[in-house]
Amino acid sequence: MKNLVDFIITQTPYRISLGGGGTDLPFYSNERGGELITAAINQYMTVSIASRPLDDKILVQTTDVQFCEELDDISNNIVKESLRYFNLSKAIQVATYSTIPSGIGLGTSSTLMVGLVNGFSMFTGQKLSKMDIGFIAHHIEREILGMEGGVQDQYIAAF
């Protein structure tokens, strides 16, 4: 498939929960529903995606750098499964940059996933709404990767 663009950069905000955090977790929200107050903050995950016109390798640059011949060789599961979802498996470079450390309770993996979904959709010429981006990010994280969590992170980052 020919990409419509050769290079994309996305910037996705992190979020904080101001109240009601946890009411989006399935064990609770399936029984009682959920309500929360949340906000995006001025800290970001940046994702850059570029074609590799001179070879068919996959280059992934996160906290580690990895050159791969095959999609299944990528060690970062979030990057690997988002590439797979968009049928991108060769001649691509993906790099991520964060203004804050991961694992501090601000939805960093979901923010990364939203940035990847947004970037890969633009890279492949798909026009997705913010709701679609949140839905796909949630689907990849929760259903494909089996990562636990609620639903707020992906949608807040997407909107």
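Ser 82 is buried, with a relative accessible area of 0%. The model is predicted.

**View 1. Ser 82 and its surroundings.** Ser 82 belongs to helix H2. Leaving aside residues up to four places away in sequence, Ser 82 touches Met 113, Leu 116, Phe 120 and Ile 140. Ser 82 and Ile 136 lie 54 residues apart along the chain. Their C-alpha atoms are separated by 9.3 Å. Ser 82 counts as buried because its relative accessible area, 0%, falls under the 20% cut-off.

**View 2. Helix H2 beside helix H3.** Helix H2 spans residues 77-85, and helix H3 spans residues 108-123. Their axes come within 10 Å. They cross at roughly 30 degrees. H2 and H3 are therefore roughly parallel to each other, since angles under 35 degrees count as such. The crossing is right-handed. From H2, the residues in contact are Ile 78, Val 79, Ser 82 and Leu 83. From H3 come Ser 109, Leu 112, Met 113, Leu 116 and Phe 120. Seven residues of this contact are nonpolar and two are polar. None is charged.

**View 3. Helix H2 against helix H4.** Helix H4 covers residues 130-144. The axes of H2 and H4 come within 11 Å and cross at roughly 120 degrees. That angle makes H2 oblique to H4. The crossing of H2 and H4 is right-handed. Which residues of H2 meet H4? They are Glu 81, Ser 82 and Tyr 85. Their partners in H4 are Ile 136, His 139, Ile 140 and Ile 144. The contact of H2 with H4 divides into four nonpolar residues, two polar and one charged. Ser 82 takes part in the contact with H3 and in the contact with H4.

**View 4. The whole chain, for orientation.** The protein chain has five helices and five strands. Along the sequence, they follow the pattern β-α-β-β-β-α-β-α-α-α. Of the 159 residues, 41% are buried. Among contacts with a separation of 6 or more, 69% join residues 24 or more positions apart. The chain exposes about 8600 Å². Carbon and sulfur atoms supply 52% of that area.

Conventions: Residues are numbered from 1 along each chain as its sequence is written. This is a predicted model: local features need pLDDT of at least 70, side-chain atom pairs count only at pLDDT 80 or more; totals for chains, interfaces and linings use all residues. Side-chain values use heavy atoms; hydrogens and water are left out. Helices (H or I, at least four residues) and strands (E, at least two) are DSSP runs, numbered from the N terminus. Buried means under 20% relative accessible area, exposed over 50%, partly exposed in between (1.4 Å probe, protein chains only). Contact means heavy atoms within 4.5 Å. Accessible areas come from the Shrake-Rupley method with a 1.4 Å probe; for residues, only the protein chains shown count as cover. Axes are lines fitted to C-alpha atoms, for helices over the stretch in contact, and angles run from 0 to 180 degrees between N-to-C directions. Angles under 35 degrees count as roughly parallel, over 145 as roughly antiparallel, 65 to 115 as roughly perpendicular and the rest as oblique. A crossing is left-handed if the near helix is turned anticlockwise from the far one by less than a right angle, and right-handed if clockwise. Ala, Val, Leu, Ile, Met, Phe, Trp, Tyr, Cys and Pro count as nonpolar, Asp, Glu, Lys and Arg as charged, and the others, Gly among them, as polar.
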